[in-house]
Amino acid sequence: MVINKLDSIEFRLKELQDFSWLKKYGTAFWVVDETGSGCICIGMEEGEKKYFCKIAGVNTVEAEVSPKESVEILKEAVHLYYDLSHPNLIKIIEEYDYNQFYIAIFEWADGECLFDHWNFEKYRKDTTIKSPKERFKELDVAKRLKAVDVLFSFLQNVNQKGYVAVDFYDGSIMYDFLTDKITICDIDFFKKAPVVNDRGVEWFGTKRLKAPEEYTEGSAIDEQTNIFTLGALIFEFFGSFSDEEIRQRYCNNRFVPCSLTDWQLSEESYRVASKAVSLTKRERYLTFSEFLYEWNETRKHIT
């Protein structure tokens, strides 16, 4: 591990790298270096303008792919940010090769990631610090319901444009606690339909939220898979789970809803969310439109 520095920002890599060429975007003020993607993410600012710079081909300390593979993945992903443009999707500005790197530059979006795994050690060391996820769960129900509305809108857009939301989870979502704005910040693994699980249990995504077909090789990954994902996120937003219940998801490769007694909303809304995360597709909603209609019907009894 080698400590690198850009302006006042320090970050860890497997080797020393020169990032001075980023200075054309201003001064570095923020960084995330603990990624498995082989990318480093650096925030740059020049006057009132801020940029989110995602750089592939870097030997990050926790890289799960080679620098060359990380470049290939990001190159394949950048078109998604153009194709799936949405008011709540981070906006791409430009992308290009530079030496051995591949860089995607986005407009900066204020907010905090709802699953900021790179800060978990900080929370363990100081239990007085609340994670964004904890703070989000403490928000008024109405604010969290608006966040769900955004996710419905975004995922419907994804579906209507013929894509499947792969590896979409709370780590893909940022929340600005000052403005209550949701930003979708990571869609790198989304794919054009039709999509088939060719990795079995190793299919992309967190075991906290994955649908059954995301563990089964040869299974179709489709609109109903994304309905499951959104249903699971809704349970994360309005349900309570013990550490043991979450651990069981990893052990058993299976998402299980919280009990009704651990659910913050109405019994009818619990039924709707539960149907979305049914283990078999035939028991789920057929379309996002059907799911959204039923969810909105329950809103009459939520607030």
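**Salt bridges**

I started with a search of the whole structure, a predicted model, and it turned up 18 salt bridges.

I went to Asp188 and Lys54 next, a bridged pair whose closest N and O atoms lie 2.5 Å apart. I noted that this pair ties together distant parts of the chain, 134 residues apart. Asp188 sits in the loop between strand 11 (181-184) and strand 12 (191-192), while Lys54 belongs to strand 5 (residues 49-56). Are the two partners buried or exposed? I looked up both: Asp188 has a relative accessible area of 11%, and Lys54 comes in at 8%. The cut-off for buried is under 20%, so Asp188 counts as buried, and so does Lys54.

Then I turned to helix 2 (residues 120-125), where Glu121 and Arg124 are 3 residues apart, so about one helical turn separates them. Their side chains meet in a salt bridge at 3.1 Å, N to O. I have Glu121 down as partly exposed at 40% relative accessible area, and Arg124 as exposed at 56%.

I found a further pair in helix 6 (residues 243-252): Glu244 and Arg247, 3 residues apart, about one turn of the helix. Here the N to O distance is 3.0 Å. Glu244 is partly exposed at 38%, and Arg247 is partly exposed at 42%.

**Helix 4 against helix 5**

I checked the axes of helix 4 (residues 141-160) and helix 5 (residues 223-238): they come within 11 Å and cross at roughly 170 degrees. Angles over 145 degrees count as roughly antiparallel, so that is how helix 4 runs relative to helix 5.

For the contact itself, I noted residues of helix 4 including Val141, Leu151, Phe152 and Leu155, and residues of helix 5 including Leu230, Leu233, Ile234 and Phe237. I sorted the contact residues by type and got 12 nonpolar, 2 polar and 2 charged.

**Nonpolar cores**

I kept a general point in mind here: in soluble globular proteins, nonpolar side chains tend to be buried together.

The largest nonpolar core in this model has 67 residues, and Phe168 and Ile234 have the most contacts inside it. What does Phe168 touch, once neighbours within four places in sequence are left aside? I wrote down Leu151, Phe154, Leu155, Ile173, Ile184, Phe190, Thr229 and Leu233.

I also logged a second, separate core of 20 residues, with Phe11, Met44, Phe101 and Ile105 among them.

How values were computed
Residues are numbered from 1 along each chain as its sequence is written. This is a predicted model: local features need pLDDT of at least 70, side-chain atom pairs count only at pLDDT 80 or more; totals for chains, interfaces and linings use all residues. Side-chain values use heavy atoms; hydrogens and water are left out. Axes are lines fitted to C-alpha atoms, for helices over the stretch in contact, and angles run from 0 to 180 degrees between N-to-C directions. Helices (H or I, at least four residues) and strands (E, at least two) are DSSP runs, numbered from the N terminus. Angles under 35 degrees count as roughly parallel, over 145 as roughly antiparallel, 65 to 115 as roughly perpendicular and the rest as oblique. Contact means heavy atoms within 4.5 Å. Ala, Val, Leu, Ile, Met, Phe, Trp, Tyr, Cys and Pro count as nonpolar, Asp, Glu, Lys and Arg as charged, and the others, Gly among them, as polar. A nonpolar core is a set of buried Ala, Val, Leu, Ile, Met, Phe, Trp, Tyr and Cys residues joined through side-chain atoms within 4.5 Å. Buried means under 20% relative accessible area, exposed over 50%, partly exposed in between (1.4 Å probe, protein chains only). A salt bridge is a side-chain nitrogen of Lys or Arg within 4 Å of a carboxyl oxygen of Asp or Glu.
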